[in-house]
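Colleague: I should like to learn how to read a predicted model of a complex. May we go through some of its features one at a time?

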Amino acid sequence: MSQLLSFAGFELRYHLRRPITYVFMATMFAFAFLFGTTDAISIGGVGGKIALNSPWALNTVIMVLTLVGMIITSAISGTAILRDFELKTHELLFTTRLSKPSFVLGRFLGAYAVTVLVFSCAALGIGAAMFWPWTDADKLGPGGLVNYLWPLVVYVLPNALVACALFFAVGILTRSFIAVYVQGIVLFVGYSLALSLIADLENKTRAALLDPFGIQATRSVQESWTVVEKNNLLVPLRDLLLYNRLLWVGLALLVLALAYRMFRMEAFLGARRRGKPEPEPDQTPRVATSIPPVTLRPRPLAELRTLIGLYYRGITGDRPFRALVASGMLLTVINAFNADLIYGTTTYPVTYAMIEIVASFGLFFLIITALYSGELVWRERSLHCDQIQDATPVSTPRVFAAKIIGLVLAQAVLILALIAIGVAVQAIKGYTNFELGVYFGYLYGFVFPGVVLTTLLAFFIHVVANNKFLGNALVVVFYILTIALSAWGLEHRLYNFGNAPTPTYSDMNGYGPDVAANLWFTAYYFAWAMVLLAIARLLLVRGTVAGWRARLHAARGRLTPRWFAFAGLALAAWVGIGAFILHNTNTLHVFRSRDASDALQAEYERSYKQYESLPQPRITAVDVHVDIFPERGHMQARGSYQLVNRNELDVSELHLRLDEAVTIRELALDRPTTLVSDDPRLRYQILRLATPMRPGERATLNFDLAYEREGFGNDGRRSSIVDNGTFFNNVEFFPGIGYSRSYELADDDRRKEQGLPLRERMHKVDDQDARKNTYIASDADWIDFAASVCTSPDQIAIAPGYLQREWEADGRRCFAYQMDSKILPFFAFLSARYAVLRDKWKDVDIEIYYQPGHEYNLTRMVDAVKKSLDYFTANFSPYQHRQVRILEFPRYASFAQSFPNTIPYSESIGFIARVRPDDPDDLDYPFYVTAHEVAHQWWAHQVIGADVQGSTMLSESLSQYSALMVMEREYGRDKMKKFLAYELRSYLRGRSSERKKELPIMLGEDQPYIHYNKGSLVFYALRDYLGEDVLNATLARYIRKVAFQPPPFTTSKELVAMLREVTPPAQAHLIEDLFETITLFDNKVREASVEEKDGKFTVKLTLAARKLRADELGVETEVPLADDIEVGVFAAPGPGETLGRPLYLQRHHITQAETTLELSVDERPDRAGIDPNNKLIDRNPDDNTASL
Amino acid sequence: MELSIKKLTKTYPNGVRALQGVDLTIPPGMFGLLGPNGAGKSSLMRTIATLQDPDAGSIRFGDIDVLTQKAELRKLLGYLPQEFGLYPNLSAEAVLEHFAVLKGITVRRERHAQVAALLEQTNLAAVRKKAVGGFSGGMKQRLGIAIALLGRPRLVIVDEPTAGLDPTERHRFLNLLGEIGDDVVVILSTHIVEDVAELCPNFAIIAGGRVLYTGAPEAVTATLRGKLWRRVSTRAELPDLQRRLKVISTRLITGRPVVHVHHEGSPGPDFEPVEPSLEDVYFHHVAQAQAEPAARPA
């Protein structure tokens, strides 16, 4: 025993003497520290009300970092046994009195102890971050040592054991350093791969158990944690997490035991040697052959080719390389197969989806570059044939170039293989539109240059460092720096090596507007890389040069005119291109770091908030002529606003706000004014009227504005005006009137950084002043609208309204649109080379403007429009327009948005969706999204809430409900279960990542997880209790009451009051539970059994039920229960179902925490439970039913 | 062509004075460079092979100024370093082809012929397709010389090639060296005296960064003739002998120390005269250098 411990101590001391151990420690420390002090590394959603040192945050950081640490562990524990064989000391050791347990377990314990130490540095790092003087004390909670120690117990100790045992065993079994070094990465990949495979909704438990690091188990335990829980609770070591930890510690010990048994203290134990020595050829005396003469004729190209071939084969034949590539490719294949899952439904495997998955191989390129640049620079020196090579006439730069080209070539071939994977996956999925041009263009045009740049830099670093270890460390530092730079506020791409705006490929608009920016930045960095290579050339080592003085001396000898010419040219190109880029980004465009733009927003608020309640005229009509120049990315808008003073006071000043990118050619009121103040950066103008506008007085604001920026900015060009697929709205370019709260800095943390007071997200629901405005705009409500739009002759341009006429002028195609009724001040302009599908529902024209080739779901969309119109007109109110138009726009954004009679719809959602009618799992989401957007024509464009809390319930939640109803009619109630399960899970997750406060739905502050996900659940449940007819009739009455109303605008309170009226008194708590509070249930089956008698089955159930109210931070209090909750018994499920046919399904009035029921059914039951269809919001919906 | 080295000095950054004014003239043919470990042999070799720059001095090979016209020299050079490795996954043939290209043998037909001939000559033809990672020490060394001989160099430098080889391999290797033409300058550095004795018409002894002696082996043994004496001694009296006489070597023969002593006339009755061997010469010079470290003319 003492021998074992002293051997372990020996191992520990060995590691503590090695500098690399401290590098590992520093790495873990740095990761954790950076997490605590910057945004460079972000894990989870700390911020807002969640303290930086909350138990949850510390737990997450330390847990995730054990995963990172795993890559390191392989170098510590994988080599523990191998080292002796490598150093050839094993024969010395094994012939001493050292016993096998002491040797094997001692080595293991030592390595394990070091690993735990290294992992624990994560806790130290995050702890140090808390004491960092620049850490905002307001972001810290009470803290406590136990919050740091507990994750060490739950994650560090077991995970280090799992990793050490595994790597130790691999080391013993393979006796191969290569295997040991690569396994960390391979395991990492395998792990993320397994995660993506088991990430399915149904497999949560399995995933939680199978994850060796406990991350999934922790997620499942914490999935619905609220702010207050995150701030106060240590992760509880029970249930899945406990089982997971026990399972894996057990497995680790088992692996260790196996490895121990396999190990023999012998010189070679099935040890794989590098092949046996070659047998000596026979030694018959030979005739001295004369060596034939040769002509020495150095041919640089032949040399280069030979060298490149040598290095290329050296890389591609290397086992670690193959292991890396194989695991990366496997990951790519899996990802490609799972391309774009939305609600469990796939899209067509279009080429742009494939290239982005292939591009995500980037991490592997980084690893390959890091590993092999050093390997190649040191190739001859580590093989000890550098002197032989250096004594040949071959030129040193040529060898160096061959190494670079060899690696770059390997990477280029890798891309080719990845393309083959993409094409193969497309083919397997039955998609045959292989756009090879896009594959090659994107991957070689935009991905590969970045890979090459990184490679060049890595080579430069290795040459300069002239020490393999230092070089590798510096390459990693560079990788970290590229992430950290922007977090430190250095966001300009001119000083972030290799960073160019990456074009997004779109079927509509090809490579898009950022190509020029990408090429210029890439050229800039290639020029810089040439400068670096020129420097590297001076410092290349030939022969046995020792020390910097000798290297510099050699460098001086290499300063030839040719060198100066090359370096000078590269430097000139770098400076020249840099200046050109700077001109583009900082003169033609505006560059501002995040901090600077936050500061500007803060300045806006400080300077002008005083005018927030200043009486301003309102826009009542818009008439505009828009010229779109797609090929140049420009537009011009000439037109006028009709204004009226609806205030009871005179208006003596007109305040105007514009985007700073807009050129103002004319902006004038139809009466004399003086420009009192003009702020060119904030574009806030104050015009003083010579004679004030009297109440009720009208005026016209004429404007002639243009967006005509040339060149590109730091992030490329605007994607709203593009060659094919222009889509912009009035908010982007048109003048706004008066101060608008929506431009204020919203995030609390960022407000604090700018020294602004905290503010509420929205006005209180009872704020009568705020009810003067809708939540869409503060300068207008219902307006008359007319627009004409001109565009390129091959494009169709669209604005809200009905087409009045179409004409050609100056070789351009023009369209005039006119609205026949008042609309909200929210309008969009689109232009593209569209194909058009036309249909009709009664007298309503249905038109879909789409990209040719995207015909897949057009009939579904048309169908959804028709069925939506059917349902909404029958149940709510008439449709206010005579037309529904859906317009595809490029995938620079992926949403659909409803404008009056106009629905822009991204090419990435719906248009390429692949809904397989025969697959029970597929949801028809193009149908669903279309129905939702059509519903907005009622819920937003007829009924619009005031600018107060809860208004998004009136638009978004009611649109969700409306779409659900259309969907249910089409696909049946069963199909809804899956959808609602997603909604419940998204809601619980959403509230878990809330940073400020959760609110009841009727007070929601534009919180998507509330108005979408909870909205679906709330209205679907209400429909269940009140009945569809009652609910719809109430909604119809509500529409009649408030549609197109003038200010003050309606609020959620008004709707909730009407709903209360129609709710039976016995169910009165429903309104409170669903709308007015955050109510959660904790329902589960305690016991369930079944008895069979005479073909009858008696099911005995013990059900637990609790009803909880949560406050805005998630503190729960139990409230008395008196609810009608469904209890059900089900037959065995068919394929693809979770529950079978209901044999019994009734509401029971439940008032007790525990209820025992006996139910009798005629068929053999399979499962039974309480609220089996998850209609109530239950934080743990999985335990509602139990199998019998 | 002749290699002439003048006043070559080299001091490493760590203070080791590897070469302290080396002057040597090396005619075509085999030239042995004899010296103990750390004598500066490898430094000298590397300097001649253009792999490191001296602090001062000059090297000329024929018309070529080696220190400034490195590229020119490398065209004529074949170099086999003391310790070397080769790309372990490549076959012997591929390794040779590779270095042949680097040496500028770009005519494919000639290159193949040359590689084939060298493989034949070094007796590696049978294993030419085998990966060199599996080669024994002797095979690797022979492949090394094959690489050095690629492109028919005019100057061949082999640094301690026989160290660690078994006697058969050593002979096989020396035979290979012996086959290199007489018009080529071949520098063989070694600390094994027999290597020089068997092969080299000329040699130099180098120790402590200085050339102690240069000339032909026969000539140098002649200078010692009649001055060398030998005696079987005991361990106990060794220190006394070493103090009294110029003992140039002590070795065990069947477990008893036998001393060689340099002395004008018989040092005593127990001594018998011996015919000087090159080894005696070597020991004599090295012992002398250690006794009086002041500079001596070579």
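Colleague: Is A:Asn466 buried, exposed or partly exposed?

Modeller: A residue is buried if 20 or more other C-beta atoms lie within 10 Å of its own, exposed if 12 or fewer, and partly exposed in between, with C-beta atoms placed from the backbone. A:Asn466 has 18 C-beta neighbours inside 10 Å and therefore counts as partly exposed. It lies in the loop between helix 20 (436-465) and helix 21 (468-487) of chain A; helices (H or I, at least four residues) and strands (E, at least two) are DSSP runs, numbered from the N terminus. The phi of A:Asn466 is positive, about 50°, although A:Asn466 is not a glycine.

Colleague: Where is A:Asp239 placed?

Modeller: A:Asp239 is in helix 12 of chain A. Its phi is near 50°, a positive value in a residue other than glycine. With 13 C-beta neighbours inside 10 Å, A:Asp239 counts as partly exposed.

Colleague: How does one describe two packed helices?

Modeller: One gives the angle between their axes and the distance between the axes. Axes are lines fitted to C-alpha atoms, for helices over the stretch in contact, and angles run from 0 to 180 degrees between N-to-C directions. Here the axes of helix 10 (residues 215-222) and helix 12 (residues 239-262) of chain A come within 8 Å and cross at roughly 170°. These two helices of chain A are therefore roughly antiparallel to each other; angles under 35 degrees count as roughly parallel, over 145 as roughly antiparallel, 65 to 115 as roughly perpendicular and the rest as oblique.

Colleague: Which residues make that contact?

Modeller: Two residues are in contact if their C-beta atoms, placed from the backbone, lie within 7 Å. Helix 10 of chain A contributes A:Ala217, A:Thr218, A:Ser220 and A:Val221, and helix 12 of chain A contributes A:Asp239, A:Leu240, A:Leu241 and A:Asn244.

Colleague: How many residues does each chain bring to the contact between chains A and B?

Modeller: Chain B brings 51 residues and chain A brings 40 residues. Helix 4 of chain B gives the most to the side of chain B that touches chain A, with seven residues.

Colleague: What surrounds B:Pro161?

Modeller: Leaving aside neighbours within four places in sequence, B:Pro161 is in contact with B:Leu80, B:Gln141, B:Ile145 and B:Phe173. B:Pro161 is buried, with 24 other C-beta atoms within 10 Å. Its place is the loop between strand 7 (155-159) and helix 6 (167-178) of chain B.

Colleague: What is the confidence for chain B?

Modeller: pLDDT is the predictor's confidence in each residue, from 0 to 100. The mean pLDDT of chain B is 87, and 97% of its residues reach 70 or more. Over residues 293-298 of chain B, however, pLDDT stays under 50. Where pLDDT is low, the predicted coordinates should not be read in detail. For the complex, the predictor gives an ipTM of 0.90 and a pTM of 0.87.

Conventions:
Residues are numbered from 1 along each chain as its sequence is written. Chains are lettered from A and ligands numbered from 1 in the order in which they are written. This is a predicted model: local features need pLDDT of at least 70, side-chain atom pairs count only at pLDDT 80 or more; totals for chains, interfaces and linings use all residues.
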